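Dear colleague,

Please find the structure below, handed over for your study. My notes on it come directly after.

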Amino acid sequence: MEAGTIVAGILTLAILSFLYRDNPVYKMAEYLLIGVSIGYVLVITWTNTLVSLLFEPLWTDSNLWLLIPFVLGLLMWARFHRKTAWLSRIPIGFMIGSGAGVAIPAMLYGRTLKQMSATITPLMDSSGVPDLSGLIVIIGLLTTLSYFYFSREHKGYFGGLAKLGTFFLMIFFGTTFGYTVMSRMSTFIGRMEFLLTDFLRLTN
Amino acid sequence: MVGVLMGRRLPLAVCFVFGLVMFLQYFSEHPVAINLNQTILDYWQIVFAFTLIVGIFTYFKNNVTQISRGSDRPFRLVGLAGFVSMPLLALIWGIKADTPFMWMFENVQAPMQSTVFALLAFFVASASFRGFRARSLPAAVLLLSALLMLLSRSNIGGFFSEGLPEIANWIRDYPSMAARRAILIGIGLGSLTTSLRVIIGIERTWLGGDK
Amino acid sequence: MKRLEARHWTFLGLFVVVTITMLLNIKLEMKVSPYTQDMYTYIESLPEGSVLIISFDHEASSLPEIRPIALAVLRHAFKKGHKLIGVSLLAEGTLIGYRLMRQTADELDLEYGRDYAYLGFRPQYIAAILAMGESIQQTYPRDYLGAPYEQFELLNTVENYNDVAAVISIADGSLTTHWIEYGQARYGVKVLGAVTAAMVTTYDPYLASGQMYAMMGGLRGAAEYEKLIERDGGGARGMLAQSSAHLYVILLVVLGNIVYFVSRKQGGGS
């Protein structure tokens, strides 16, 4: 058996030991996982982003414009000193501002308007047969939105709409719960496949 | 004094300018606007990468401090060893396939991380027994909807594999999707207004403290 | 040793159910869902040599579920002769994507740089998606291993999304949303999703609105896709265990409710 399989198998069992209760073996594995994961992100960010987008073009091609993001990036380090900490807000402002700027059209056009227009579909087909599914989508959307509208008290007619909205929400939460259970089970099955096939070799 | 004034005004001005530029360039096909867009997007990625490095450094600094204080020392030392080993391995052997860096990722990080996630399967099972109860009509609807999805995606044969998936797919495609769409639209409108508030400087929580 | 609590017994039950069904090693027949069929039909109907961006937008935590999904899609796309460009918008997806692309390309003796390329990681996903809409080369001046973009035959034919048939986002979170709301809405690139089951309902409105062209989800989706491409993998192997685990959870819910209603009748509540 390969060394990698043995290591992976032992570490998998160490993590699974948490199911009995928290213990030092699990804790050791947990700390190792955090350390290795952060080391990994450092390597990938450095090699895949900073070297190819910044350092290579800056040193090799002498693209001095890149000093701007370089300096902005370095300003992030100013937050470690109380007196200079305010400087780190400049790159944060740059990122927050840019993010907000691109988010406006995306949220308006890419999400809200597109989703609204997709809801408004003909309620009858060309032969005059009503499209009940389309009607249910409209009712579901409007009643769920009513549920989230808090500027008016949920009473009377409006309260009834909001109440109907909760049923649509429950259907959605139930569906999502069902699919989430599937996902979690799949992950566990994947780990068991490794343990039974590669590590313990009990099956092919 | 300069720091106090500039500490808020300058970042707000930077936020306003770049927010406005990135918003306006959406409407322009002019080569200058396209170039500016690409340049800012590149800079954004670089600055963001630096923030990741700062976060990583904070992890290192906190761990060293905690180790010197003696709290959870053996565990933290193992964590730090793992942290240092990854850049070292990458530095010596590179990041190609079949390098020690890849070996660590595939045999240490990925198995442990996916097993941590797999633990959730057990907690979901436990929660299903202890907390998933039809205490009211809406709760019963939620429960039935979840059970229907699970049954429809199980291969039991007969009606469960033929007719039920169609009913489940219809529920997913129409009533469930309608509620999700309403949530999406709500989040969309919320993000839209928050973005506007950030750009014009009404929303300032990202500035942190008051200096 | 501590006494086992009720939750330990439910844990043990799941462990036993999954272990036994996996050891039985029985393959289940299944009906392909329309969602998976749409995904397959799209890739199948593309002209040979079409360029697809495969975005590995997931973490290592979901690897057991993502791996069969990704392998099925990659094998199909490569077998159809499509040219694949791999990217990753999450750091952890980077090595996984690299490994999976190499593995599936090697199965068919495909050549790096001509049949496929792997560009690697970009940290700010919104910026990366938008930047690739202008110029992929400027966003990725070098590939994952640091070789210049212009060195590769495949990459020289691709400037931006206009030269790409579609983006397939292999995701365990909400990153596909950004491909849709930034890549598709702004640049018109077709987006398909190969996602974990937990994310399926998140993307249903985009599928219904046509912003997402097709979507397959979860281990079951992978098993269905494996059936379509006639090559078994982790999806098909796991289906008996998956179905049994579903039934086990259903049983727990039913038992829990029986206990609840009985105790409520006796006036104890729960």
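This is a predicted model: local features need pLDDT of at least 70, side-chain atom pairs count only at pLDDT 80 or more; totals for chains, interfaces and linings use all residues.

Residues are numbered from 1 along each chain as its sequence is written, chains are lettered from A and ligands numbered from 1 in the order in which they are written, and side-chain values use heavy atoms, with hydrogens and water left out.

**The interface of chains A and B**

In chain B, 104 residues are in contact with 103 residues of chain A (contact means heavy atoms within 4.5 Å). About 9,800 Å² is buried between the two chains, and carbon and sulfur atoms give 83% of this area (buried area is the accessible area, with a 1.4 Å probe, that two parts lose on being put together, summed over both). B:Phe50, B:Phe75 and B:Met112 supply 7% of what chain B buries against chain A, more than any other three residues.

The count of salt bridges between these chains is one (a side-chain nitrogen of Lys or Arg within 4 Å of a carboxyl oxygen of Asp or Glu). A:Lys27 forms a salt bridge with B:Asp72, with the closest N and O atoms 3.4 Å apart.

**The largest pocket**

The largest pocket is lined by 40 residues, and the closest to its centre are A:Arg191, A:Phe194, A:Asp198, C:Leu63 and C:Arg67 (on a 1 Å grid over the protein atoms alone, a pocket is an open set of points where a 1.4 Å probe fits, with protein on both sides within 12 Å along at least five of seven lines; lining residues have an atom within 4 Å of a point).

Yours sincerely
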